[in-house]
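User: I'd like to learn how to read a fold from its coordinates. Can you walk me through one?

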Amino acid sequence: ILIPSLGLVLAFWFYSARDTFKPEMLRGKRVIVTGASTGIGEQMAYHLARMGAHVLLTARTEARLRNVVQRCLELGAASARFVSGTMEDTAFAQHVVREAQASLGGLDMLILNHVGASYFGFFDGDVEHVRKLLEINFLSYVAMTTSALPMLKESEGSIVVVSSMAGKVGFPFTVPYSATKFALDGFFSSLRQEFAIQSINVSITLCILGFIDTERAVRAAAEVLLERPAPRDECALEILKGAALRRRELYYRYSSTRLPLLLRDCAAELLDYLVRSRYRLPATPGG
Ligand code: NDP
């Protein structure tokens, strides 16, 4: 009895130790954060700065990035810099990665977080908008990953992909956005399999987020969603913990993401219904 019990205790201890996040894990790490001028990306930059990481931030708005970089330096970042530009342009996505090589001499973590503007409402049939959003929310993620891979292989680093519940289950009113987030799951989950086959020690953490209190999300959905948004600074920290622990997927918050998703394979229609029931729905003609 004693030996199996001891085995269990040791296994539990090993599992807990493996699971423990320490801010030192990110000290001195060279990290790119995209979409870092506002919202969750901005908060991740501040957490990384407090942990003593080197941060390279990007988004379009130079004035905001300048302020975020300044704050990161005040908070204790090992170094902080930015590159501004649009992720509609694949060449820009690749340029950001080259900048990490030039200024940081390598890369430990690539955090793909930016998101292009879209509408919140019934699908309007605008195919060009879907194409543009795929370029910003999906293709630029692919381009940055491809360019960063040699550096990440060398550092045995991490890729962090910020996605959404809308990238795991059909959501109304965000059809183009959901399509781009589903695409990320397909690409990065398949890539993870190939890394395993090729023994490439680069982790991929797919982050499945619920409703978070960023300005953009609250402006778009607070009136319609019957749910309180979760705080963006806590969300940002949970993403970094998941990334440092090289988690396969990260769910935040668990109760509004992982738990409902348990229904997906056994009761998909019930899950669809539960998703719709979270909305204050507009009256439809004849409905
Ligand atoms: P924000 O709108 O607050 O931030 C988006 C960031 O992306 C900004 O820094 C913005 O900066 C940048 N960005 C927008 N367009 C472009 C572009 N064309 N090229 C380069 N950068 C661009 O978003 P959130 O913080 O709310 O979201 C962050 C991530 O979390 C996203 O991937 C989102 O899908 C995901 N998420 C968020 C949820 C929420 O409720 N907030 C829920 C689920 C997932 P700038 O305008 O200066 O370019």
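Analyst: Contact means heavy atoms within 4.5 Å. Axes are lines fitted to C-alpha atoms, for helices over the stretch in contact, and angles run from 0 to 180 degrees between N-to-C directions. Here, helix H5 (residues 127-155) lies across strand E1 (30-34), strand E4 (109-112) and E5, at about 160° to E4.

This is a predicted model, where local features need pLDDT of at least 70, side-chain atom pairs count only at pLDDT 80 or more, and totals for chains, interfaces and linings use all residues. Residues are numbered from 1 along each chain as its sequence is written, and side-chain values use heavy atoms, leaving out hydrogens and water.

User: What is the order of the strands in the open sheet?

Analyst: In general, strands of a sheet pair through backbone hydrogen bonds, either parallel or antiparallel. Two strands count as paired if DSSP finds at least two bridges between them. In this model, 7 strands form an open sheet in the order E3-E2-E1-E4-E5-E6-E7, with parallel pairing. E3 and strand E7 (249-252) are the edge strands, each pairing on one side only. On average, neighbouring strands are turned by 15° against each other, direction ignored. E2 and E3 run parallel and are joined by 6 bridges; alanine 59 has serine 84 in E3 as its bridge partner.

User: Which residues of H3 are buried?

Analyst: Buried means under 20% relative accessible area, exposed over 50%, and partly exposed in between (1.4 Å probe, protein chains only). Leu65, Val68, Val69 and Cys72 are the buried ones in H3. Looking down the helix axis, they fall within an arc of 100° (taken from the directions from the axis to the C-beta atoms), so they line one face of H3. They pack against helix H2 (39-50), strand E2 (54-59) and strand E3 (79-84). Turned away from that side are the exposed residues Ala63, Asn67 and Glu74.

User: Is lysine 168 buried or exposed?

Analyst: Lysine 168 counts as buried because its relative accessibility is 9%. You'll find lysine 168 in the loop between strand E5 (158-164) and helix H6 (175-197). A polar contact is a pair of N or O atoms within 3.5 Å; within protein, one must be able to donate a hydrogen and the other to accept it, and residues adjacent in sequence count only if both atoms are side-chain atoms. The side chain of lysine 168 makes one with the side chain of glutamate 249, at 2.9 Å.

Notes:
Helix = DSSP H or I, 4+ residues; strand = E, 2+ residues; numbered from the N terminus.
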